[in-house]
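Have the viewer open as you read.

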Number of protein chains: 2
Amino acid sequence: MDAYARDRTFAPPGKPLGVVLAQSRDDVVATLRWASAHRVPVVPRGAGTGLAGGATAVDGCVVLSLARMTAIRELSPQDEIAVVEPGVITADLDRAARAHGLMYAPDPSSYEISTIGGNLATNAGGLRCVKYGVTRDSALGLEVVLADGRVLTTGRRTMKGVTGYDLTGLFVGSEGTLGVITAATLRLRRAPRELSTVAAEFTSLRDAAEAVAAIIAEGCQPSMLELLDRTTLRAIDDWKNIGLEPSTRAMLIAQAEGPAEESAARMAELCAAASFVAVSSTPEEAAELVGIRRLAYPAKERLGQCLVEDVCVPRSALPEMITTIEETAARHGVLISTVAHAGDGNVHPVFVFDRGLAEPPPEVWAAADEVFRAALALGGTLTGEHGVGLLKKRWLGLETGPVAAELHQGIKQVFDPLDILNPGKAI
Amino acid sequence: MDAYARDRTFAPPGKPLGVVLAQSRDDVVATLRWASAHRVPVVPRGAGTGLAGGATAVDGCVVLSLARMTAIRELSPQDEIAVVEPGVITADLDRAARAHGLMYAPDPSSYEISTIGGNLATNAGGLRCVKYGVTRDSALGLEVVLADGRVLTTGRRTMKGVTGYDLTGLFVGSEGTLGVITAATLRLRRAPRELSTVAAEFTSLRDAAEAVAAIIAEGCQPSMLELLDRTTLRAIDDWKNIGLEPSTRAMLIAQAEGPAEESAARMAELCAAASFVAVSSTPEEAAELVGIRRLAYPAKERLGQCLVEDVCVPRSALPEMITTIEETAARHGVLISTVAHAGDGNVHPVFVFDRGLAEPPPEVWAAADEVFRAALALGGTLTGEHGVGLLKKRWLGLETGPVAAELHQGIKQVFDPLDILNPGKAI
């Protein structure tokens, strides 16, 4: 039962009463009816890959796993939609779509192990969202079981529609506090025929950030634009020996659709200040360059326990945000390794701490607190794509303010008057 | 006062107490505080270009016009955002953005006269939304005055963010029933450097629909893909003499970004069954071809009074939807002229009736009823982009069902417990 009580954070779980491994909507209905009748908290979960404690069990709850509801009920190439159950692994849906020349665009770093249900609950982003938007932008409609067991259908199968309030948008990102998603109608997109990739090393962070601005301003429309800081690059190099120059302070990895001699070559030119630039000339080389980015998390996990954070700032504030993170790390003597979805201004500072500790030590929280406040001061947000869960609740009020907090509670009361759905999370 | 009591529908307005021409957020706060204290209904409005009766005055209300709040408070080319007041004319924002190589993507047909506030209230679509999405997809954050006069800020200035419930999405499309938007942070996009346009005439509606499917399947990513039916084309030809062949039953007008010899030429090839195809070779020619589409509404208005409808179906159901509309028109002896945002499956059947009548005659409502039910039966929606307003409330329950209706009422109660905001509309 312990495995079902945790997500990917250190957040110490409560003790559940039990775990339901739902295999159908009816199982979910039965669980929620029973839970409502007995006022038992229900903590819904997908694969437990969350990074904010959203799926962490609370004492005396039933953990409701949707991981066994893995059917792709429908995939329509003509309408470019799929109807899927919440336990479908994100990358599996993408692969199913690619068999028809389509793709499922949202690709959180965990997409090989995360579920669609979890992605919807957190409104997950990913690498491609600089071009294709976040999970919300691919969610057309939902089937949801409400706290009392009633079944609701939201949204539609069409690309547009404005009948009624946007309940689909309200459920997406609500971290299981308003209902349990049992099916989703998702938008697919044409898969690009060709991708080309650029990797550029910079001896200054500011040069890298300026290249990001230049690539966007030029209208290159990258489908990936990732920034890795020195600490991250060193962790990767120590592990996999990628031949990193000691003077390198940042790396950009950008991907664009179309032939390399057009899109990637233009992006490479815009990395004018780079000390080294590689442009892929084959799909294998492109995959290899993107592979460096995919190594970032596993490389960090070799350094210690990780508190993975997720601030997002206006793109122009990216250099200042990253500089602030570096200064904060130095001031508190904390190891922070940063990767950013630079095209979105979404920055993941990873606070590394000793493996022996049950939770981050005070200096890590102090540094995190400064990073959060700096992001807000720059016009940013606490969380670009991971959610609030348990871990960021302390700072929530700084961003949303008291009026929004009251409305959140009011909405929660409408959907879940007994407060049994993932209580204490997200809002 | 009468001019402020109506929108673009025939819906007979109630008698307002008065009209507030707000010039600032404080004016809106003062109006809503007073209205709450005296329990007076408030009907917010932009330019009154709505097509569903959403801004129609109710008896004894205060009409709250936001049309004088026209400031573009900020336009940041670096962050690709603008912060604007609700009275800004949609096309004015687009022009302001283009001065920086950017654009504001949503372009409802009324964009030269509609306001951003009205677009947000209805979640307006437009011609470009086949590529760039609807108004919701460009709304990052809002400043809203609640029914009791409190000011709420939702969302953010960043491209992504998942802190709290999606209140921004909840206000967008809520037709003034949850709060009054006094500012919006909107996403801008890079303006394409080059546009090329194709116009193709078909002797069969099905051939035109097949060309739509082929263009999408090929991944051409048109930024406009419009279908005009025979009745519409004849109305345009009678007025402007565009040289229409008598055998023409449908016209496609498609636009793509990039040079004509690439994108438009490929789309022209995919219109294999067309009886005539024109590809623009200059921007002037491109504008001329798109101009035909922009003539559709004025041409229809010359035929009589118009009930402009707005169903949306999955793209694959487009031929069946249009065929059903033609059959319904014949069966009821009603003139229906149809244009479609074909790439989205969004169909605007315009029911024409005698100018002398105060409202559509029974046969028009009977035909509209059949069209709505057919759209729902095809997996579609009552309204793709115009909203429910007053005119479609009769059919609302068919689409959303009783559980959603109860949730709508619950949400309304949270935001507007005295039911003073645009009562009787949308939900």
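The report below covers the basis of the values, then domains, sheet, hairpin and helix pairs.

## Basis of the values

This is a predicted model, in which local features need pLDDT of at least 70 and side-chain atom pairs count only at pLDDT 80 or more, while totals for chains, interfaces and linings use all residues. Residues are numbered from 1 along each chain as its sequence is written, chains are lettered from A and ligands numbered from 1 in the order in which they are written, and side-chain values use heavy atoms, with hydrogens and water left out.

## Domains of chain A

Chain A is divided into domain 1 (1-191), domain 2 (195-298) and domain 3 (303-385), with bounds from an automatic or database domain assignment. The centres of domain 2 and domain 3 of chain A, taken over C-alpha atoms, are separated by 21 Å. Their contact (heavy atoms within 4.5 Å) takes 17 residues from domain 2 of chain A and 18 residues from domain 3 of chain A.

## A parallel sheet in chain A

In chain A, three strands make an open sheet ordered β1-β3-β2, with parallel pairing. Strands here are DSSP runs of E with at least two residues, helices are runs of H or I with at least four, and both are numbered from the N terminus; two strands pair if DSSP finds at least two bridges between them. β1 (18-21) and β2 (42-45) of chain A are at the edges with a single partner strand each, so one side of each has no neighbour in the sheet. On average, neighbouring strands of this sheet are turned by 25° against each other, direction ignored.

β2(A) is joined to strand β3 (residues 62-65) of chain A by four bridges, and V42(A) stands opposite V62(A) in β3(A). Helix α1 (residues 25-38) of chain A packs on this sheet and touches β1, β2 and β3 of chain A, its direction making about 165° with that of β3(A). Angles run from 0 to 180 degrees between N-to-C directions, and axes are lines fitted to C-alpha atoms, for helices over the stretch in contact.

## A hairpin in chain B

Strands β7 (residues 139-145) and β8 (residues 151-155) of chain B pair in the antiparallel sense over five bridges. V145(B) has V151(B) in β8(B) as its bridge partner. Five residues lie between β7(B) and β8(B) in this hairpin, and G149(B) in the turn has a positive phi of about 95°.

## Helices α11 and α12 in chain A

Helix α11 (residues 318-332) of chain A packs against helix α12 (residues 362-377) of chain A at an angle of about 160°, their axes 10 Å apart. That makes α11(A) roughly antiparallel to α12(A) (under 35 degrees counts as roughly parallel, over 145 as roughly antiparallel, 65 to 115 as roughly perpendicular and the rest as oblique). Residues of α11(A) including M321(A) and I325(A) meet residues of α12(A), among them A367(A) and V371(A). By class, this contact of α11(A) with α12(A) has seven nonpolar, three polar and three charged residues; Ala, Val, Leu, Ile, Met, Phe, Trp, Tyr, Cys and Pro count as nonpolar, Asp, Glu, Lys and Arg as charged, and the others, Gly among them, as polar.

## Where α13 meets α13

Which helices have axes that come within 9 Å? They are helix α13 (residues 393-415) of chain A and helix α13 (residues 393-415) of chain B, crossing at roughly 155°. α13(A) and α13(B) are therefore roughly antiparallel to each other. The contact includes L407(A), I411(A) and F415(A) of α13(A), and L407(B), I411(B) and F415(B) of α13(B). Its residues divide into eight nonpolar, two polar and no charged.
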